[in-house]
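Dear colleague,

Please find the structure below, together with its sequence. My notes on it follow.

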Amino acid sequence: MKQRAKGMWLVQICEYVIGFALAMSAANSVRPAALAVVAIAIIVNTAISDGSLAAFHILRPRTHRAVGIGIAFSALIIAAVAPLNLTSRLTLAVAALTQGFVSVRFGHGFRTTSTRPH
């Protein structure tokens with residue numbers, strides 16, 4: 001049995017929260033398409049990663065991290081280019097920054113021990 005990254009479940013919870021919060025914002029938006037597409041991308045990326053809370057164990061943590069960073073950059077570009085109102089634009093930008101932070105900082109799960117030499 002292969003070993004999963006420690007703490008990946010906590011990363012998945014964070015990403016599910018980001019995705020579903022963005023989906024709820026899309027439901028209240030005048031133009032929900034951009035918000036909904038990014039929300040679906042975040043939720044699908046989390047659901048297919050190799051972690052405890054995944055529906056399908058397809059993506060390894062390294063690939064999951066790269067896809068998460070790609071989603072964050074794409075969301076920032078969509079927020080800058082798409083014809084959105086200010087609230088939707090800010091919501092998308094904050095979700096992108098949060099997704100990017102979670103992907104960069106915790107993309108492989110949380111470390112439980114220090115890896116620095118003493």
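The side chain of Asn 45 makes a polar contact with that of His 64, at 3.3 Å (a pair of N or O atoms within 3.5 Å, where one must be able to donate a hydrogen and the other to accept it; residues adjacent in sequence count only if both atoms are side-chain atoms). This is a predicted model, in which local features need pLDDT of at least 70 and side-chain atom pairs count only at pLDDT 80 or more, while totals for chains, interfaces and linings use all residues. Residues are numbered from 1 along each chain as its sequence is written, and side-chain values use heavy atoms, with hydrogens and water left out.

Asn 45 lies in helix α2, residues 33-47 (helices are DSSP runs of H or I, at least four residues, numbered from the N terminus). Asn 45 is buried, at 3% relative accessible area (buried means under 20%, with a 1.4 Å probe and protein chains only). Apart from residues up to four places away in sequence, Asn 45 touches Leu 59, His 64, Val 67, Gly 68 and Ile 71 (contact means heavy atoms within 4.5 Å).

Helix α2 packs against helix α3 (residues 61-81) at about 175°, with the axes 10 Å apart (axes are lines fitted to C-alpha atoms over the stretch in contact, and angles run from 0 to 180 degrees between N-to-C directions). The two helices, α2 and α3, are therefore roughly antiparallel (angles over 145 degrees). Among the residues that meet are Ala 34, Val 38 and Asn 45 in α2, and His 64, Val 67 and Ile 78 in α3.

Yours sincerely

Key: Buried means under 20% relative accessible area, exposed over 50%, partly exposed in between (1.4 Å probe, protein chains only). Angles under 35 degrees count as roughly parallel, over 145 as roughly antiparallel, 65 to 115 as roughly perpendicular and the rest as oblique.
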